[in-house]
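Biologist: I am new to this structure and would like a close look at a single part of the picture. Please take me through the salt bridges.

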Amino acid sequence: MVETAETDIAVVGAGIVGVACALQLARQGHRVTLVDRQAPGLGASFGNAGHLATEQVFPIADLSILKRLPRMLLDPMGPLRLDWKYLPKAMPWFTRLLLNLRPAPFQRSVAGIRTLNEGSLGAWQRLLGSIGRSELFQEDGSLLVFEKPESRQALEALRTRMQQQAVPVDFWSAETVREAAPQLSPSLLGGLFFPRTGHFIDPYRVVCELFEAAKASGVRFVQAQVDGGQLHSAGVSLASDQGMLNARQVLVSCGAHSAKLTAALTGKRVPLDTERGYHLMLPGEHQRLPFAVTSLERKFIMTPMAEGLRLAGTVEFAGLQAPPSMQRAWQLHRLSKGLFRHDLSVEGATPWMGFRPSLPDSLPVIDRVCDGRVLLAFGHQHLGLTQAAVTAEWVGRLAEQTGGPEMGAYRLNRF
């Protein structure tokens with residue numbers, strides 16, 4: 001006997017994507033239940049870099065990754081690391097990634113990322129404005145700096161590529177950098193400024209404020225570990241450690257943990273892996289930077305926030321089970337040395353690690369499958385925060401349509 005649905009849509013995953021989608025769906029009149037094994041916002045959304053990265057329209061890797069593979073395996077503190085013990089499990093994913101670097105699939109990925117990014121800033125302005133919390137986002141641009149004369153050619157090449165993709169970008173001289181961010185080292189030679197970007201002053205608070213708005217719109221939260229599920233004529237039944245949950249539809253939006261539930265519901269094995277990202281929060285550094293600054297050579301980002309300065313970056317492939325290597329977080333402070341007139345203080349600093357959900361073509365899955373009983377929104381790699389609001393708008397449209405709009409690269413069936 002099929003149980004009666006307790007809710008219209010069960011949203012599995014209470015990160016920034018899931019919470020934004022839950023709020024959108026509730027506002028459209030659906031009964032929504034949000035489910036997560038932990039409180040909202042405590043996964044990858046808690047510790048991201050806080051940067052609205054609309055300028056990042058290129059896939060997470062290019063062909064230079066082949067040259068870097070030996071160092072990835074041997075250097076535990078490098079900006080891109082592959083744990084050799086995880087290599088056998090990671091090889092199928094990396095093989096798919098390399099295949100997606102061929103010209104045609106690479107351009108499809110760029111077009112797909114760019115489409116989402118172009119809608120992201122406006123979507124966030126609408127979403128935060130609708131809950132009266134526009135102050136949580138600062139549209140103040142971001143800066144990519146360089147230090148070495150030999151890096152200028154690479155920087156100019158990147159600027160050309162960005163302009164070809166209609167990304168607003170300006171070249172800043174060393175003098176302009178010093179005027180805008182006087183605490184940075186005078187040895188910096190210049191950089192690229194991206195005016196249509198910005199940063200969130202507290203990413204975790206953004207999730208919490210959206211969650212409060214969702215509850216006010218009728219969203220119910222259940223703290224539970226969803227272990228699987230099955231489809232039936234009336235919708236979907238989810239099995240959890242708190243019992244069964246029956247819904248007419250389910251939205252899978254649990255980030256790096258989405259593959260297992262997607263397979264159980266759809267029969268489709270999604271090549272989802274995780275890029276483990278680290279941050280170091282410096283609570284004593286409130287006045288160092290006016291906006292987010294990234295180092296071209298050192299490959300990490302520094303974002304000013306309400307609680308201090310967040311240093312974030314590095315990519316580690318080691319799966320979901322290996323313990324974090326917090327030395328990688330502390331390495332971010334060592335990387336910052338020489339970028340400022342005076343070194344950053346680590347007094348009271350806290351390290352963190354989280355899982356970025358990544359697919360080998362660098363595109364998310366945003367889709368409606370199984371006759372509309374299953375909605376999908378996961379795999380946003382480094383751009384989960386950037387694309388969360390626009391993803392919620394797309395999911396809202398998918399939930400209302402019988403067949404769903406043609407979404408091309410974001411479909412599940414591309415795998």
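How many salt bridges does the count come to?

Modeller: This is a predicted model. The count comes to 19 salt bridges. Start with Glu209 and Arg133. Their side chains meet in a salt bridge, at 3.2 Å from N to O. Glu209 belongs to helix α8, residues 203–216, while Arg133 sits in the loop between α5 and β5 (137–138), so this pair ties together parts 76 residues apart in sequence. How do the two ends compare with the cut-offs? Buried means under 20% relative accessible area. Glu209 has 18%, so Glu209 counts as buried. Arg133 has 27% and is partly exposed.

Next come Arg159 and Glu156. Their side chains also form a salt bridge, at 3.8 Å from N to O. Here both partners lie in helix α6, residues 152–164. They are three residues apart, about one turn of the helix. Arg159 is partly exposed at 25% relative accessible area. Glu156 is partly exposed as well, at 30%.

Now turn to Lys337 and Asp343. Their side chains meet in a salt bridge at 3.5 Å, N to O. Lys337 is partly exposed, with a relative accessible area of 39%. Asp343 is partly exposed too, with 44%. Elsewhere, salt bridges share partners. They join Arg81, Asp83, Lys85, Arg276 and Glu316 into one network.

Note on methods
Residues are numbered from 1 along each chain as its sequence is written. This is a predicted model: local features need pLDDT of at least 70, side-chain atom pairs count only at pLDDT 80 or more; totals for chains, interfaces and linings use all residues. Side-chain values use heavy atoms; hydrogens and water are left out. A salt bridge is a side-chain nitrogen of Lys or Arg within 4 Å of a carboxyl oxygen of Asp or Glu. Helices (H or I, at least four residues) and strands (E, at least two) are DSSP runs, numbered from the N terminus. Buried means under 20% relative accessible area, exposed over 50%, partly exposed in between (1.4 Å probe, protein chains only).
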